[in-house]
Amino acid sequence: MEPAPGPQEKYHLITRNLQEVLGEDKLMAILKERELKIYWGTATTGKPHVAYFVPMSKIADFLKAGCEVTILFADLHAYLDNMKAPWELLELRTLYYENVIKAMLESIGVPLEKLKFVRGTDYQLSKEYTLDVYRLSSVVTQHDSKKAGAEVVKQVEHPLLSGLLYPGLQALDEEYLKVDAQFGGVDQRKIFTFAEKYLPSLGYAKRVHLMNPMVPGLTGSKMSSSEEDSKIDLLDRKEDVKKKLKKAFCEPGNVENNGVLSFIKHVLFPLKSEFVVLREEKWGGNKTYTAYEDLEKDFADQVVHPGDLKNSVEVALNKLLDPIREKFNTPELRKLTNAAYPSPSKAKPAEKGTKNSEPENVVPSRLDIRVGKVISVEKHPDADSLYVEKIDVGEPEPRTVVSGLVQFVPKEQLQDRLVVLLCNLKPQKMRGVESQGMVLCASSVGEPRQVEPLDPPAGCCAGERVYVEGYEGGEPDDELKPKKKVFEKLQADFRISEDCVAQWKQKNFLTKLGRVSCKSLKGGSIS
């Protein structure tokens, strides 16, 4: 039987691979006296994806260090965060999270009997907790609450009061769960410092805060439930895992914002203490790494090829996902998954006796719409009424786009402007220049005709996905087939609302920073 780890060893297990610890001295003082009580909370919103293995591997570390660990399924938070989980789906999504998080923990060998599982609504609706929410709201400023939630709560143009309550509830959870510490991503830092500032004003102790780094998604940005290409779902089929890893950003020699390397560092190495790069014999055969730094150096020196790295991660990842897929391959859990995350639209059955009828869904998620940045604008060499624009959409090379904006938008107003670009139309030549997309614009209904390019929210980056509210999931078509007229069918229901927001069937066009709009063309069409 192995001897129990001492305070220093426990401290190492608890803090390894973390980006930051607030309250290090207090943490060590507790470990010298007793076991640490810690909680990790997850809002029950979009489907958990493979990045959730990052906190799961830390929970395994906490248990090895003898910690008393509580996992909070923050169902009420999910509703407060701009209703990311609709009230009618809240119970189903919480149940889905409970099943999938437990399946993840089991797949990495964490004993569930050592964990305590709690739902937010088990105590957050009590008289005592509610009174503390009111007490907290009497001392917290609107500025501090908004600032605290800036990295976590969905930011929209007209924020709801519920989003201002969110940080206060998360702070109170520390007291009501009777813990010494809270664990989360570094994106939670402002909420953690908010809790440290305000809990003492209610007579409650300041807690220790442990923060994981944010793991880049497969596209090189934060892995997100609402950006389909940036994440691998826990229930994705093996062929989907292969497809998404194949698309993943993994430039030879580049170790910055490399989601594939980050997954190895923060998930696979902590779990196995080694990683095997699988290679054919002619390329040197398999190589086992027992230190992540050695692997990163070999990748930077281009000793390890991106293709071999992706193939090796695919094998290791599928080993983790296989038991989760197996658990969810039951009628009960398949039914739960479909009920918690219903498909936005059912496919229409093909008419009898009809050849080439369309069984596919004509839904907005099939459109690859992205934020683009115009990096150059020139008049078309053979048509004075057309611009030829170079637009950055987050790909290695900018796209060439031909638009008819000459008579509506001066050239200097387009230069360096953020626009909304439809990226998966079939490229077509316009007066001899191939156009690789369409800048989406609002058009007035009456005469004289006015046209305004749609505006993404301020702060967006080139390449960010634009989606229709409620249709965050689903992969866009690689290329829209002209004969299917998918865009044309959807475009028929595109409109500009009375407050100048772009909509499809009264559902807003969104990015992760808020709504897509135009300047003034209320009630206009979009083309």
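This is a dialogue on reading selected features of a predicted model.

Trainee: Which domains does the assignment give for the chain?

Mentor: Begin with the overall division. The model is predicted. The domain assignment lists domain 1 (7-212), domain 2 (238-340) and domain 3 (369-526). Between the centres of domain 1 and domain 3, taken over C-alpha atoms, there are 39 Å.

Trainee: How many residues are in the largest nonpolar core, and where does the core lie?

Mentor: Look for who contributes residues. The largest nonpolar core has 72 residues. Domain 1 and domain 2 both contribute residues, so this core lies between them. Phe53, Ile101, Leu210, Leu295 and Leu309 have the most contacts inside it.

Trainee: What does Phe53 touch, beyond residues up to four places away in sequence?

Mentor: Sequence neighbours are set aside here. Phe53 then touches Met104, Ser107, Ile108, Leu234, Phe263, Val267, Leu320, Leu321 and Ile324.

Trainee: Phe53 is in helix 3. How do I read the crossing of helix 3 and helix 5?

Mentor: Take distance, angle, hand and contacts in turn. The axes of helix 3 (residues 53-64) and helix 5 (residues 87-107) come within 10 Å. They cross at roughly 60 degrees. Angles from 65 to 115 degrees would count as roughly perpendicular, and those under 35 as roughly parallel. Helix 3 and helix 5 are therefore oblique to each other. The crossing is right-handed. For contacts, Phe53, Met56 and Ile59 in helix 3 meet Ile101, Met104, Leu105 and Ser107 in helix 5.

Trainee: At what angle do helix 6 and helix 8 cross?

Mentor: The axes of helix 6 (residues 127-137) and helix 8 (residues 161-176) come within 10 Å, and the crossing is at roughly 130 degrees. That makes helix 6 oblique to helix 8. The hand is right-handed. On the helix 6 side, the contacts are made by Glu128, Tyr129, Asp132, Val133 and Leu136. Their partners in helix 8 are Gly168, Leu169, Leu172, Asp173 and Tyr176.

Trainee: Which residues of helix 1 are buried, and what do they pack against?

Mentor: A general point comes before the case. An α-helix has 3.6 residues a turn, so residues three or four places apart point the same way. In helix 1 (residues 7-15), the buried residues are Lys10, Tyr11, Leu13, Ile14 and Thr15. They pack against strand 1 (20-22), helix 2 (24-33), helix 3 and strand 6 (208-212).

Trainee: What follows helix 1?

Mentor: Check the backbone angle there. Asn17 follows helix 1, with a positive phi near 65 degrees. Asn17 is a residue other than glycine. Its place is in the loop between helix 1 and strand 1. Asn17 counts as partly exposed, at 32% relative accessibility.

Trainee: Where does Gln302 lie, and what is its phi?

Mentor: Gln302 lies in the loop between helix 12 (292-300) and helix 13 (306-327). Its phi is positive, about 65 degrees, although Gln302 is not a glycine. Gln302 is exposed, because its relative accessible area is 54% and the class begins over 50%.

Trainee: Is Pro427 buried, exposed or partly exposed, and what does it touch?

Mentor: Pro427 lies in the loop between strand 12 (418-422) and strand 13 (428-430). With a relative accessible area of 34%, Pro427 is partly exposed. Not counting residues up to four places away in sequence, Pro427 touches Glu434, Ser435 and Glu479. Pro427 and Met438 are eleven residues apart in sequence. In space they are 9.6 Å apart, C-alpha to C-alpha.

Trainee: Is Leu414 buried or exposed?

Mentor: Leu414, in helix 15 (residues 411-414), has a relative accessible area of 0% and is buried. Leaving out residues up to four places away in sequence, Leu414 touches Val374, Val377, Tyr387, Glu389, Leu405, Val409 and Pro453. Leu414 and Ile232 are 182 residues apart in sequence and 36 Å apart in space, C-alpha to C-alpha.

Trainee: Where does Thr511 lie, and which residues is it in contact with?

Mentor: Thr511 lies in strand 21 (residues 507-511). Thr511 is buried, with a relative accessible area of 0%. Leaving aside neighbours within four places in sequence, Thr511 is in contact with Val371, Pro457, Cys460, Glu464, Arg465, Val466, Tyr467 and Val516.

Notes:
Residues are numbered from 1 along each chain as its sequence is written. This is a predicted model: local features need pLDDT of at least 70, side-chain atom pairs count only at pLDDT 80 or more; totals for chains, interfaces and linings use all residues. Side-chain values use heavy atoms; hydrogens and water are left out. Helices (H or I, at least four residues) and strands (E, at least two) are DSSP runs, numbered from the N terminus. Buried means under 20% relative accessible area, exposed over 50%, partly exposed in between (1.4 Å probe, protein chains only). Contact means heavy atoms within 4.5 Å. Domain bounds come from an automatic or database domain assignment. A nonpolar core is a set of buried Ala, Val, Leu, Ile, Met, Phe, Trp, Tyr and Cys residues joined through side-chain atoms within 4.5 Å. Axes are lines fitted to C-alpha atoms, for helices over the stretch in contact, and angles run from 0 to 180 degrees between N-to-C directions. Angles under 35 degrees count as roughly parallel, over 145 as roughly antiparallel, 65 to 115 as roughly perpendicular and the rest as oblique. A crossing is left-handed if the near helix is turned anticlockwise from the far one by less than a right angle, and right-handed if clockwise.
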